[in-house]
Amino acid sequence: MVAPDKTTFGEWLDYWMENVIKLKWEETTYAGYEYIINRVKPELGNILLQKLTAMDIQVYLTELQVPDDNNKDEKCKLSSNTAKKHYTLIKTALKYAVKQKILINNPGKDVEAPRYVKPDIAFYE
């Protein structure tokens with residue numbers, strides 16, 4: 001059994017970035033992850049790590065790709081490829097929390113990955 005913890009998901013992401021990603025990956029990868037985390041934290045960062053659910057993550061990923069109802073002309077907020085990067089980062093950070101025995105299960109494993117949508121590419125004729 002995992003002991004109760006007061007760590008938020010945002011705090012966990014910061015810890016994971018500084019103590020795992022920074023040591024293991026190139027600066028460009030670190031910068032890319034940091035950019036994604038800065039988008040994740042306002043939405044999911046205040047949730048206690050042990051209270052984060054697959055539903056929380058699924059709603060976040062859905063909202064990344066669904067246009068705002070108030071702006072009908074707005075296209076998807078993020079491409080499916082970028083949304084998939086958010087999914088992968090969240091799932092990987094949570095996998096490490098399981099490995100460190102802070103979580104029993106990874107709620108990211110129970111989330112449907114964003115569907116890849118092939119972009120329309122126009123070629124000159």
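**Overview**

Read from one end of the sequence to the other, the chain follows the pattern α-α-α-α. It has four helices and zero strands. The model is a predicted one. The points below are grouped by topic, from the chain as a whole to single residues.

**The chain as a whole**

- The chain has 125 residues, and buried residues make up 34% of them.
- The accessible surface of the chain comes to about 9000 Å², and carbon and sulfur atoms hold 52% of this surface.
- Among the contacts in the chain with a separation of 6 or more, 66% are accounted for by residues 24 or more positions apart.

**The largest nonpolar core**

- The largest nonpolar core contains 31 residues, and the members that touch the most other members are F9 and W16.
- At least two residues of this core come from each of α1 (9–24), α2 (27–44), α3 (54–65) and α4 (80–99).
- The helix that gives the most to this core is α4, which supplies eight residues.
- Leaving aside residues up to four places away in sequence, F9 touches V40, L44, G45, I47, L48, L49, L52, I90 and L94.

**The pairing of α1 and α2**

- The axes of α1 and α2 come within 9 Å of each other, and they cross at roughly 170 degrees.
- Angles over 145 degrees count as roughly antiparallel, and α1 is therefore roughly antiparallel to α2.
- On the side of α1, the contact is made by F9, G10, L13, D14, W16, M17, E18, I21 and K22.
- On the side of α2, the residues that make the contact are Y30, Y33, E34, I37, V40, K41 and L44.
- Sorted by class, the contact of α1 with α2 has ten nonpolar residues, five charged residues and one polar residue.

**V40, a residue of α2**

- V40 lies in helix α2, and it counts as buried because its relative accessibility is 0%, where the cut-off for buried is under 20%.
- Not counting residues up to four places away in sequence, V40 touches F9, L13, G45, Y60, H86 and I90.
- V40 and L89 are 49 residues apart along the chain, and their C-alpha atoms are separated by 9.8 Å.

**T8, ahead of α1**

- T8 lies in the segment before α1.
- With a relative accessibility of 15%, T8 counts as buried.
- The residues that T8 touches are G45, N46, I47, L48 and L49, when residues up to four places away in sequence are not counted.
- Of these residues, G45, I47, L48 and L49 are also touched by F9.

**K77, between α3 and α4**

- K77 lies in the loop between α3 and α4.
- Its relative accessibility is 38%, so K77 counts as partly exposed.
- From C-alpha to C-alpha, K77 and L64 are 5.7 Å apart in space, while in sequence they are 13 residues apart.

**K101, after α4**

- K101 lies in the segment after α4.
- This residue is exposed, as its relative accessible area is 65%, and the cut-off for exposed is over 50%.
- Most residues other than glycine have a negative phi.
- K101 has a positive phi of about 65 degrees, although it is not a glycine.

Technical notes. Residues are numbered from 1 along each chain as its sequence is written. This is a predicted model: local features need pLDDT of at least 70, side-chain atom pairs count only at pLDDT 80 or more; totals for chains, interfaces and linings use all residues. Side-chain values use heavy atoms; hydrogens and water are left out. A nonpolar core is a set of buried Ala, Val, Leu, Ile, Met, Phe, Trp, Tyr and Cys residues joined through side-chain atoms within 4.5 Å. Buried means under 20% relative accessible area, exposed over 50%, partly exposed in between (1.4 Å probe, protein chains only). Contact means heavy atoms within 4.5 Å. Axes are lines fitted to C-alpha atoms, for helices over the stretch in contact, and angles run from 0 to 180 degrees between N-to-C directions. Angles under 35 degrees count as roughly parallel, over 145 as roughly antiparallel, 65 to 115 as roughly perpendicular and the rest as oblique. Ala, Val, Leu, Ile, Met, Phe, Trp, Tyr, Cys and Pro count as nonpolar, Asp, Glu, Lys and Arg as charged, and the others, Gly among them, as polar. Accessible areas come from the Shrake-Rupley method with a 1.4 Å probe; for residues, only the protein chains shown count as cover.
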